[in-house]
Amino acid sequence: MNTINNDLLITNIIKGIEDVKGDNVKLIDLREIENTVCDFFVVCSGNSNTQVDAIESSIRKQVSKAMKDKPWHVEGQENSKWVLMDYVNVVVHIFQKETRQYYDIEGLWGDAKITEIETNY
């Protein structure tokens, strides 16, 4: 996938998160790190199972509407503590706050460039 498509995908993922007020949104650029499974992680938090499910649904609808694309794979919907959406070059991690703190994905990928996404709410 080319950079323009990655940028458009990330923009639509973030819009999907913002539409349902996902929290603490970060973009982790993995392109400079060897042997990674994708180019970017988009990480965000929800306050409950319901909000995590709403974020996943909102991202799916936004990307589908704007780009006619769908995730290659989704997992974690059974308990909605950590939902992973795999768009191949971009992987979305939607956490409940406690689960995000526990797994500390930003700490694990500390060598990557991490950008905090400003939300308007």
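Is Asp29 buried or exposed, and what is its relative accessible area? Here is a quick note to get you started.

1. First, the ground rules. This is a predicted model, where local features need pLDDT of at least 70 and side-chain atom pairs count only at pLDDT 80 or more, while totals for chains, interfaces and linings use all residues. Residues are numbered from 1 along each chain as its sequence is written, and side-chain values use heavy atoms, with hydrogens and water left out.

2. Back to Asp29. Asp29 is buried, at a relative accessible area of 14% (buried is under 20%, exposed is over 50%, and partly exposed is in between, using a 1.4 Å probe and protein chains only). Its side chain meets that of Arg31 in a salt bridge, with N to O at 2.6 Å. The term salt bridge here means a side-chain nitrogen of Lys or Arg within 4 Å of a carboxyl oxygen of Asp or Glu. Arg31 is partly exposed, with a relative accessible area of 44%.

3. The salt bridge count for the structure is five. In general, side chains of opposite charge can pair when their charged atoms come close.

4. Go to helix H2, residues 49-67, and you'll find both Arg60 and Glu56, sitting four residues apart, or about one turn of the helix. (Helices are DSSP runs of H or I with at least four residues, strands are runs of E with at least two, and numbering goes from the N terminus.) The two residues form a salt bridge, and their closest N and O atoms are 2.6 Å apart. Glu56 is buried at 7% relative accessible area, whereas Arg60 is partly exposed at 32%.

5. Now the pair Glu106 and Arg100. Their closest N and O atoms are 2.3 Å apart, and they too form a salt bridge. Glu106 is buried, with 13% relative accessible area, and Arg100 is also buried, at 5%.

6. Next, the backbone. Most residues other than glycine have a negative phi. Asn24 has a positive one, near 50°, and is not a glycine. You can find Asn24 in strand S1, residues 23-29, where it counts as partly exposed at 30% relative accessibility.

7. Which phi does Ser80 have? Ser80 has a positive value too, about 55°, and again this is not a glycine. Look for Ser80 in the loop between strand S3 (73-75) and strand S4 (82-86). At 2% relative accessibility, Ser80 is buried.
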